[in-house]
Amino acid sequence: MKALQYRTIGSAPEVVTVPDPEPGPGQVLLKVTAAGVCHSDIAVMEWPAESFPYALPLTLGHEGVGTVAALGAGVTGVSEGEAVAVYGPWGCGTCAKCAQGKENYCLRAADLGINPPGLGSPGSMAEYMLVDDVRHLVPLGGLDPVAAVPLTDAGLTPYHAIKRSLPKLVPSSTAVVIGTGGLGHVAIQLLRALTPARVVALDVSEEKLELARKVGAHEVFPSDARAADAVRELTGGIGAEAVFDFVGVAPTVATAGKVAAVEGDVTIVGIGGAPLPVGFGHLPFEVSVTAPYWGSRGELDEVLALARSGAVSVHTETYSLDDAPLAYERLHAGKINGRAVILP
Ligand code: NAD
Ligand code: ZN
């Protein structure tokens, strides 16, 4: 079969032919119908050889949707031909976090060498993919594969982040979304669907801000040195009860800290890695700062349900597997508005 692989540190991913996978005991083989392109993959492909955590070659793709093609020995609960989404943050399934469906925070995954598809295990950017356990499959329930596949990360990750802050997003509150790309433009829709908050979007691209408005942002501002003042002014000096930073670089975390209201939440989702100092005098009083990872299995169910209700719709552009390297090039250049989806 064809697969998109990251093969050499520092080089672009390549479309190659690899053996068709066969499901072992407990595994499920999917015929992939759609695979999402995430900015995290670009970060992975920028890691230096010394700290690169996975074996190469690596088949990319941690957002996957497909139809069940074959079942390994002992698998029950799904049948061939069923359309499913893949819950990506695989865990051990039995530790205290996994028992709550929070496999994204599995206590044993690192020790056991369990990696998500596309982030260590062979991913969804291939004609077929292996899913390690049937519990990592969620029925699509009639959703279109292209529309659904970004929800497994670009939907689930902001959903998990926003859910933590729901008690603060009361009427008359403000939520700020920094970076309105793949994750950010879904975050805006989730905020609109789940909260009465005024939603303010910041981005460096005029085109992304246009999409932000289209999907429901009440106000948009360029993400520059004046952005924090603009949000403060808009909120009568109070600031935002919740700030979601989908970039995580020094200027955006600084803005996030500056626009937070007293007792507000700052959630840094983007993996830019810039620190935000928390000591006395650095932030308004009692601001909580957190950096979450992906979401729980139950939350994926909830996001898909929300999409079925029509409350969330991802802006997508599609590419063939042969053109997948081009999708990554365009994402790297900031030219994808919404989410790129590969059709293997
Ligand atoms: P994307 O490229 O689709 O979107 C990023 C957006 O940020 C773009 O619209 C870009 O114009 C904008 N941007 C860049 N610099 C900016 C700045 N200084 N101010 C404001 N906006 C700026 O990327 P994506 O796939 O949506 O991913 C977003 C981030 O989230 C990435 O860092 C990715 O690695 C990370 N991520 C984290 C998790 C997690 O679990 N924590 C999961 C998925 C993705
Ligand atoms: Zn991702």
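Predicted model: local features only at pLDDT ≥ 70, side-chain atom pairs only at ≥ 80, totals over all residues.
Start by selecting strand β1 (residues 2–6) together with β4, which run antiparallel and are joined by two bridges; helices (H or I, at least four residues) and strands (E, at least two) are DSSP runs numbered from the N terminus, and two strands are taken to pair if DSSP finds at least two bridges between them. Within this pairing, Q5 stands opposite T59 in β4.

Residues are numbered from 1 along each chain as its sequence is written, while chains are lettered from A and ligands numbered from 1 in the order in which they are written.

From β4, step back to P57, which is placed in the loop between α1 and β4. The peptide bond that joins L56 and P57 is cis, with omega about 0 degrees. As background, most residues other than glycine have a negative phi, and most peptide bonds are trans.

Now colour the protein by domain: the assignment gives domain 1 (2–153 + 295–343) and domain 2 (157–290), with bounds that come from an automatic or database domain assignment. The centres of the two domains, taken over C-alpha atoms, are separated by 27 Å. Their contact takes 20 residues from domain 1 and 16 residues from domain 2, where two residues are in contact if their C-beta atoms, placed from the backbone, lie within 7 Å. On the side of domain 1 that touches domain 2, α1 and α10 (297–308) each supply at least two residues, and α10 gives the most, with four residues. By class, that side has eight nonpolar, eight polar and four charged residues; here Ala, Val, Leu, Ile, Met, Phe, Trp, Tyr, Cys and Pro count as nonpolar, Asp, Glu, Lys and Arg as charged, and the others, Gly among them, as polar.

Select ligand 1 next, and show the residues around it. The ligand is surrounded by 34 residues, of which the closest are H39, G179, G181, G182 and S223; a residue is near a molecule or strand if its C-beta atom, placed from the backbone, lies within 6 Å of it. At least two residues of this shell come from each of α1 (39–44), α6 (182–194), β10 (198–203) and α9 (250–259). The shell also draws at least three residues from each of domain 1 and domain 2, and by class it has 16 nonpolar, 15 polar and three charged residues.

Move to strand β12 (residues 240–245), where six of the six residues are buried, so the strand is largely enclosed by the rest of the structure. A residue is buried if 20 or more other C-beta atoms lie within 10 Å of its own, exposed if 12 or fewer, and partly exposed in between, with C-beta atoms placed from the backbone. Strand β9 (residues 174–178) runs parallel to β12 and is joined to it by four bridges, and V176 stands opposite V243 in β12. β12 also pairs with β13 in the parallel sense, over five bridges, with D265 in β13 as the bridge partner of A242.

Keep V176 and V243 selected: both are among the residues with the most contacts inside the largest nonpolar core, which has 93 residues. Such a core is a set of buried Ala, Val, Leu, Ile, Met, Phe, Trp, Tyr and Cys residues joined through C-beta atoms within 7 Å. Strand β3 (residues 28–37) gives the most to this core, with seven residues. Domain 1 and domain 2 both give residues to the core, so it lies between them.

E263, in strand β13 (residues 260–268), has a positive phi near 65 degrees and counts as exposed, with 12 C-beta neighbours inside 10 Å. E286, in the loop between β13 and β14 (288–290), has a positive phi of about 60 degrees although it is not a glycine, and E286 is exposed, with 10 other C-beta atoms within 10 Å.
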